[in-house]
Amino acid sequence: MNRLEATERGTLLTCPDCWGVLSMRTEGDAGHVYFRCQIGHGFSIESVVAAKKQQLEDRLWSATLTIHEVIRMLEEFETQLRPLVTDRNVIAERRARAQRDIEILRRLTESNEPIAFAAGRERARRGERRP
Ligand SMILES: [Zn+2]
């Protein structure tokens with residue numbers, strides 16, 4: 001294949017904006033990569049990775065908030081609804097597990113490092129912003 005030709009193929013990725021299927025296009029000698037959904041949302045490789053990273057952070061944060069809610073609910077069971085709780089050890093164990101789950105999610109969020117691509121590093125070196 002001539003590197004100057006553009007090629008396009010479907011991917012298993014979803015659009016960060018609308019959840020449509022993304023297709024991937026490479027073009028030019030440098031093999032620039034672009035993603036586009038059926039609606040027309042377009043992404044560079046850096047922006048699609050950044051959007052997926054943000055989606056992951058949002059979902060981890062949502063899970064963390066839900067676990068905090070569960071902890072508050074269990075605390076409520078232990079204090080306000082004590083007559084309804086038949087096994088307080090189960091409640092305490094569940095609260096401890098929820099605290100451990102929050103710590104796991106915190107570590108996952110902190111380890112979600114961005115990926116630097118060669119083209120992005122080159123643009124950053126030249127002082128250019130993302131396309
Ligand atoms: Zn889209």
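Two residues are said here to be in contact if their C-beta atoms, placed from the backbone, lie within 7 Å. The structure is a predicted model, in which local features need pLDDT of at least 70 and side-chain atom pairs count only at pLDDT 80 or more, while totals for chains, interfaces and linings use all residues. Residues are numbered from 1 along each chain as its sequence is written.

**The whole chain**

Of the contacts with a separation of 6 or more, 39% join residues 24 or more positions apart.

Next, colour by pLDDT, the predictor's confidence in each residue, from 0 to 100. The chain averages 84, and 86% of the residues score at least 70. Among the elements, S4 has the highest mean pLDDT (94) and helix H3, residues 118-125, the lowest (56).

**The sheet**

Select the four strands. They form an open sheet in the order S1-S2-S3-S4, with antiparallel pairing; two strands pair if DSSP finds at least two bridges between them. S1 and S4 (42-44) each have a single partner strand and stand at the edges, so one side of each is left without a neighbour in the sheet. Neighbouring strands are turned by 30° against each other on average, direction ignored; the axes are lines fitted to C-alpha atoms, for helices over the stretch in contact, and angles run from 0 to 180 degrees between N-to-C directions.

Thr7 is bridged to Thr26 in S2, and Arg9 to Met24 in S2.

A residue is buried if 20 or more other C-beta atoms lie within 10 Å of its own, exposed if 12 or fewer, and partly exposed in between, with C-beta atoms placed from the backbone. S1 (residues 7-14) lies largely in the open, because zero of its eight residues are buried.

**Arginine 25**

Centre the view on Arg25, which is found in strand S2 (residues 21-27). Arg25 counts as partly exposed because it has 14 C-beta neighbours inside 10 Å. Leaving aside neighbours within four places in sequence, Arg25 is in contact with Ala6, Thr7, Glu8, Tyr34 and Arg36. The C-alpha atoms of Arg25 and Glu8 are separated by 4.2 Å, although these residues are 17 apart along the chain.

**The core and the helices**

Show the side chains of Cys15, Leu22, Phe35, Phe43 and Val48, the five residues of the largest nonpolar core. Such a core is a set of buried Ala, Val, Leu, Ile, Met, Phe, Trp, Tyr and Cys residues joined through C-beta atoms within 7 Å. Val48 touches Pro16, Phe35 and Phe43, not counting residues up to four places away in sequence. Across the chain, buried residues make up 6% of the 131 residues.

Select helix H1 (residues 45-79), which lies across strand S3 (32-37) and S4, running at about 100° to S4.

Conventions
Helix = DSSP H or I, 4+ residues; strand = E, 2+ residues; numbered from the N terminus.
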